[in-house]
Every structure is written in C-alpha cells, then in structure tokens.
Amino acid sequence: MTQSARGARSTESGLPIEPVYGPDALIGWEPADKLGEPGSYPFTRGVYPTMYTGRPWTMRQYAGFGTAAESNARYRQLIEHGTHGLSVAFDLPTQMGHDSDAPLASGEVGKVGVAVDSVEDMRVLFDGIPLGEVSTSMTINAPAALLLLMYQLVAEEQGVPAEHLTGTIQNDVLKEYIARGTYIFPPQPSLRLTADIFRYCRTELPRWNTISISGYHMAEAGASPAQEIAFTLANGIEYVRTAVAAGMDVDDFAPRLSFFFVSRTTLLEEVAKFRAARRIWARVMSEDFGARNPKSTMLRFHTQTAGVQLTAQQPEVNLARVTVQALAAVLGGTQSLHTNSYDEAIALPTDKSARLALRTQQVLAYETDVTATVDPFAGSYAVESLTDDMEFAALELMDEVADRGGAVAAIELGFQKSEIERNAYRIALETDHGDRVVVGVNRFQLAEEEPYEPLRVDPAIEARQRERLARLRKKRDGKAVEAALAGLKRAAEGTSENVLHPMKEALRARATVGEVCGALREVWGSHVATEAF
C-alpha cells in the first residue's frame, strides 16, 4: 500500500482505499447476487458450506532440494510435524526437461529443488511415504506429464491403485511465457499436452487435480493483485477453450481445475482479491462455458505467502510478514496453504525455519478463532466495496486480453509481460523514494545486521546425480528405451493419440526426463522468446 504526500491511500492495484467506509459504499449492493451462501454460486463466501469449521485448510509445505534422498528426509520430518500434504520443488534442469548430466544443467543440479532424472529418483523421493494416504503437489510445468506418470509408476510399485492418488501438478505453461521462463515447447503443442493430461487423468487418475493455474509467479514478478487474478483467469479460460476444442465436455474436466495465488501483507486487499476471483470464475464457467456441474464453477485454490516481500535484512521480521500473509489467505478462503520460511530471502530454509513456518499455520488453525465461522468479513462495508472494485479492475484487464485474441495471442504480443513489468517498475520506484515502506530496508534499519548461517547445497550433488544416470543407462534395456521413445514420437507427430500413454511406457523402460523431452523437442520444436516491444 502506498501513501501520497496528501495522505490519500491506494491499494497495491492502484485502487482508492477510503479512510472510512459506510452504507453509502454499498448503495445498490445486493447480498443475494454478490454473496450467496457459503458453498453456493457465485462462491464469494467460499467454495464449501462449512469451510474451516469442520477441519482446517491443508497445510502444505513446499520443499525439495539436492538429492531425492535428502528431500525424502525433509518430507518425513514435515509429516512427523503435522503437515497434511507434500509440495515438491524441482531443480531447474528438471523443470527445463534436461538431465543432470546435460551441459546446460552444469551448476544448477539440486539448487532450487530436487533433481529428478528418472523413475528411479522418484522412487527414492517417496521411499517410505504411503502415496495412497498423502496428497502431493508438484511444482512442475512443461514436463508435468512426465513427473505425474513417474509418481503413478511409483504408486503402482507400492500397490496403490491410481484412483486412490490425490494431489496436483502445476502444469501451467502459459504463465511460464509471461513470468518465469521455464517453458520447453511452443504454445500450441504445450496446450495439446495439457489437454492430453486432462483426458488421461479423467480415466486413469480421477482424483488428481490436473492443473494449478498460477498467479503466484506473476505476482512474484511484480503483478498487482488485480493483474494477478485477471491474467490467471484469462489463462484458465484458454485452457478450458483448448480442452473443449479437443472434444471434451466442460463438466468432464473442469471440476479438477485448481488455482494458485500469492498472499501479500496487504490483508484487506488480498481478502477482497480472493473473493472477487471466485465470483468472476463462477460466472465465466456458468455463463460463457455453460458448466452445469456446480464443481465446475468452483475456484479452488492453493496459496503461498509472498516470497517477494521477504527481506534479507533483519530476516526475523519475515516471521511477522508471513503470519499476516497467512492470515489473509485463511480469511480469503484458501483450500491449502504454504507458509514461507523466514530465511528464504537468503537461502534454502533450514529445518528449524521450515518447522516455524508450519507452526505459524498451526497457531492460526488451533489457537485463534478464525476457523470458528465462515467468511467473517461478509457484509463488511470496506471488504465488500474492495471486492467489487477488485472485480471491476480484473474484468477490465481480462477484456483487454480478450480484445487481443485471448491469452496466447496476448502473450505473443507481450501484453501481460509488459503490464507486469510496468507495475514492477512502479513498485521499485515507490520503494526507492520511500513512498512504500519496507521495514528494515528503507525504514527502521539496523546499523549492523546479525550474522546468519544459511543452509548450503552440497556441490558434490551434481557429480552423484551424474553417476546415478551412468549406472541407470548401463543397467537398463537400451533397445527397449529406444523403441519406447520412437513410439512417443509417432504419437506426438499425429493429432489423435494421447501422448501420455507412450510416454508412460518410455518412463517405465527407464527413459530419462531429458530423453523424453528431447524426443518431443524433435517433433514439436522448442519455444524461443521474442521481444514484442
């Protein structure tokens, strides 16, 4: 939130925020139309009738670093400390479809997540963890199909039926072109792969959330709350159109769509953002796509606290920031939540800081009264007015995307990226000029920072992963791998076959992530970003 010299305030989205709200802020406002009941259309008050009064949100801690064995140890610790669901971070080579021994992977193996090169690594990653009893979210996009199939193969080895598996793959490649850059293939084959995942999971993994349409990364790149939900929902519309164009009925796949948003320290605007997003999506699915199943119109979402707001200066202050961010997500009606560790602005979180992040959620769930009632802000003059303002601002931006031909066409024009960059520049200027207060950075600094010893990733991990790959390639049936990859390429060259079936057989034969993605690159090509402005 910023404040001008005259004292007038505006939200992160640049919308006015008044010092006092009263009945005049809601003239003509109809509760039945704007709110409805909790668990009912348009879901402003939450997607479930009882929300947290029956049980709290899923406490899902994002973790993964180094080797699969090291990450497995962290997952076991989180489960012992009360985590309800696992969330896997993959290293950059895995996200980009490269094996750990590829030249492009040098220096990046295990750095920002766990290295997974084959189903052998996936087996180690979930060793001793009953996959039929946990919910697993995997932050993977362009190679999402591969990691999902590896997970299914490991579950089969454990004797867990596919219909018992629950979790989410991020699988949102459109936001990669906008904000992150971990894309592999051009947009159209990427969308085809997404539709194939929808179709595959409907029959093979019916309880799996097939995509997590993500605003989080756009927010981390500098998007305002209004931009975050507008561009995320516009991407969602593109995925729905793709699946419908591929011959799927909207109610066959829409109930498994999920979303992923950030939660900032600006609590009131964040609550309004979540409520507005639910209302917009319900109306889009009902009115534009004719969804009949109420679950198709529900915007279910995971939230992560805002890593971009954490500071390396006075890192303990991040504990307060994360608490406020988590509270905003809970009051906004999230279905699951990851709380960042206070030291993540410096390095990978330590065991202690990761545990404190989880304890933050547990305090909110079990020591406060925020779980005692559904949508406690309903009817608030301020929050309802902010929700309406947020809805209007987001819809205007969505119209701008639509006017350019939809999300993919707008991406190719550089529209979303340019808008986000402009907002990021505005935030940087406000911080530099002191209009935006960042505690410990431009106000309330310390003359000398206390020393901090971050968790460091062992550089020998890369060598060990290379050795594992060499052993794998030596012991597997090379001819079977070649035949399976050839079958995958044939499927990718056509338009009617679901590529996940031959992809699964290639992975079962111990083809690696890099080999499978390489086979698809040969057919589909690679996306090369171009500067539109």
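**Exercise 1. Which residues in α9 meet which residues in α14?**

Some ground rules come before the solution. This is a predicted model, where local features need pLDDT of at least 70, side-chain atom pairs count only at pLDDT 80 or more, and totals for chains, interfaces and linings use all residues. Residues are numbered from 1 along each chain as its sequence is written, and side-chain values use heavy atoms, with hydrogens and water left out.

*Solution.* 

Step 1. Find the helices. α9 covers residues 225-245 and α14 covers residues 381-403. Helices (H or I, at least four residues) and strands (E, at least two) are DSSP runs, numbered from the N terminus.

Step 2. Apply the contact rule: heavy atoms within 4.5 Å. On the α9 side this gives P225, A226, Q227, I229, A230, F231, L233, A234 and I237. Their partners in α14 are M390, A393, A394, L397, M398 and V401.

Step 3. Sort by class. The contact of α9 with α14 has 14 nonpolar residues, 1 polar and no charged ones. Here Ala, Val, Leu, Ile, Met, Phe, Trp, Tyr, Cys and Pro count as nonpolar, Asp, Glu, Lys and Arg as charged, and the others, Gly among them, as polar.

**Exercise 2. Describe how α9 and α14 cross.**

*Solution.* 

Step 1. Recall what is needed. Two packed helices are described by the angle between their axes and the distance between the axes.

Step 2. Read both values. The axes come within 8 Å and cross at roughly 50 degrees. Axes are lines fitted to C-alpha atoms, for helices over the stretch in contact, and angles run from 0 to 180 degrees between N-to-C directions.

Step 3. Name the arrangement. α9 and α14 are therefore oblique to each other. Under 35 degrees counts as roughly parallel, over 145 as roughly antiparallel, 65 to 115 as roughly perpendicular, and the rest as oblique.

**Exercise 3. Is V383 buried or exposed?**

*Solution.* 

Step 1. V383 sits in helix α14.

Step 2. Check accessibility. V383 has 1% relative accessibility, so it counts as buried. Buried means under 20% relative accessible area, exposed over 50%, and partly exposed in between (1.4 Å probe, protein chains only).

Step 3. List the neighbours. Leaving out residues up to four places away in sequence, V383 touches L268, V271, A272, R275 and F377.

**Exercise 4. How many disulfides does a search of the whole structure find?**

*Solution.* 

Step 1. A disulfide is a pair of cysteine sulfur atoms within 2.5 Å. The search finds 0.

Step 2. Check C201. Its closest cysteine sulfur is in C517, 17 Å away, too far for a bond.

Step 3. Check burial. C201 is buried at 2% relative accessibility. C517 is buried too, with a relative accessible area of 1%.
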